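This report describes selected local features of one protein chain. It begins with a pair of helices and then turns to individual residues.

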Amino acid sequence: MTRGYNFCSGPAMLPGAVMQRAQEELPDWQGTGMSVMELSHRSPEFVSVLEGAEARLRTLMNIPEDYAVLFMQGGATLQFSCVPMNLMSRGGAAEFLDTGAWSVKAIKEAGRYGETRVLASTKDEGYRRAVRADEFSVGADAAYLHYTPNETIGGVEFNYVPETGDVPLVADMSSCILSRPINVEDFDLIYAGAQKNIGPAGLTLVIVRKSLLGEVMHDTPSLLNYKAQADNGSMVNTPPTFAIYLAGLVFDWLEGQGGVRAIEGINAEKAALLYDAIDRSEFYRNPIALEHRSRMNVPFILADEQLNDRFLAEAGEAGLYNLQGHRSVGGMRASIYNAMPLAGVRGLVDFMKDFEQRHG
Ligand SMILES: *Cc1c(COP(=O)(O)O)cnc(C)c1O
């Protein structure tokens with residue numbers, strides 16, 4: 001088995017140790033005589049898988065009891081609809097900070113359900129920075145404020161948590177969840193597609209303050225109703241059982257790494273290594289404001305764009321995969337989530353230096 005370093009923005013790399021354990025357990029999960037994929041979701045065995053995953057996540061993130069943890073489907077994109085369906089009937093407009101492609105999509109979907117208001121946007125600056133705290137104030141009558149702490153495509157990350165007073169704060173943490181410690185109580189609703197920092201695609205995590213549950217829009221399908229999901233242990237229907245099992249293994253692995261505090265240190269080291277290599281060179285460039293650079297997604301541009309295809313081809317030969325930037329941004333992008341080892345980033349930096357020497 002040869003595993004290279006996969007810099008894809010998502011689905012992203014999973015820890016090798018998790019793959020190995022899943023492979024070993026695949027045909028016969030803990031003496032049940034069947035794969036975890038074949039277990040009834042209502043069986044005590046699978047319920048223990050789900051509850052175990054939830055318990056580990058609660059420990060990792062220090063999630064208080066008055067928050068529900070939901071395992072849902074449809075990706076973060078379906079949450080762009082779920083959030084307004086579940087929170088907008090409280091009245092008032094849904095307010096947004098617009099810092100890039102994922103903000104834009106969230107705003108567009110919410111617009112189907114009621115009034116939306118963009119409080120601040122960095123669009124005119126090419127989304128090269130996050131919105132600063134002094135650039136907006138939340139309306140007292142707002143239904144909620146939604147923002148994207150880490151814009152995966154642009155590589156822009158907030159360096160603070162917005163203050164919203166009594167207005168619920170909603171965060172799309174798809175590409176930054178579990179990458180650094182947060183205080184869950186600073187937020188009222190957190191959601192994340194699993195395929196970046198949690199596990200395989202097909203699972204979406206929602207962490208929501210229980211006091212917000214219940215005032216859903218009349219037409220909300222019960223599958224998308226947070227209260228219904230919370231009341232039914234995320235089993236309004238058959239949940240994505242294998243993805244939940246794998247997420248539990250990733251949580252286990254993360255605990256073994258020393259938890260979120262420890263992984264933050266490694267993530268900071270990886271990001272510093274890569275940004276430093278970019279900043280020291282005339283050949284590579286990252287356009288994002290220093291204080292808002294993402295630790296998870298690092299876009300960079302080659303001075304000579306004619307060399308893009310060559311860069312990607314040679315990187316692939318060196319076992320460094322999926323470095324092409326998003327089609328809307330161009331250039332390159334290295335996504336360095338929790339499961340990307342330091343050795344992978346070292347390999348990339350060495351390759352970049354070597355490539356520059358040969359072609360710069
Ligand atoms: C990847 C991503 C999404 C979209 O996730 P899907 O699971 O494909 O719907 C939304 N928001 C952010 C910040 C993302 O990184």
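**Helix 3 and helix 4**

In this predicted model, T77, F80, S81 and P84 of helix 3 are in contact with W102, K105, A106, E109 and A110 of helix 4. Five of the residues in this contact are nonpolar, two are polar and two are charged. Two packed helices are described by the angle between their axes and the distance between the axes. Here the axes of helix 3 (residues 75-87) and helix 4 (residues 101-110) come within 8 Å and cross at roughly 45°. Helix 3 is therefore oblique to helix 4. The crossing of helix 3 past helix 4 is right-handed.

**Helix 9**

Helix 9 comprises 18 residues, 342-359. From its first C-alpha to its last, helix 9 reaches 26 Å, which is close to the 26 Å expected at 1.5 Å a residue. Its buried residues are L342, G344, V345, L348, V349, F351, M352 and F355.

Y337 is situated in the loop between strand 14 and helix 9. Is Y337 buried or exposed? With a relative accessible area of 3%, Y337 is buried, because the value is under 20%. Apart from neighbours within four places in sequence, Y337 contacts C8, S9, A12, T152, S175, K196, N197, N267, K270, M296 and N297. Although Y337 and G10 are 327 residues apart along the chain, their C-alpha atoms are separated by 9.7 Å.

G10 also takes part in a backbone feature: the peptide bond from G10 to P11 is cis, with omega near -10°. P11 belongs to the loop between strand 1 (5-6) and helix 1 (16-25).

**Asparagines with positive phi**

N62 is not a glycine, yet it has a positive phi of about 55°.

| Residue | Phi | Loop | Relative accessible area |
|---|---|---|---|
| N62 | about 55° | between helix 2 (44-61) and strand 2 (67-72) | 62% |

N62 is classed as exposed because its relative accessible area of 62% is over 50%.

Note on methods:
Residues numbered from 1 in each chain as written. Predicted model: local features only at pLDDT ≥ 70, side-chain atom pairs only at ≥ 80, totals over all residues. Heavy atoms only, no water. Helix = DSSP H or I, 4+ residues; strand = E, 2+ residues; numbered from the N terminus. Expected span 1.5 Å × (residues − 1). Buried < 20%, exposed > 50% of the residue type's maximum accessible area, 1.4 Å probe, protein only. Axes fitted to C-alpha atoms, helices over the stretch in contact; angles between N-to-C directions. Parallel < 35°, antiparallel > 145°, perpendicular 65-115°, else oblique. Left-handed = near helix turned anticlockwise from the far one by under 90°. Contact = heavy atoms within 4.5 Å. Nonpolar A, V, L, I, M, F, W, Y, C, P; charged D, E, K, R; others polar.
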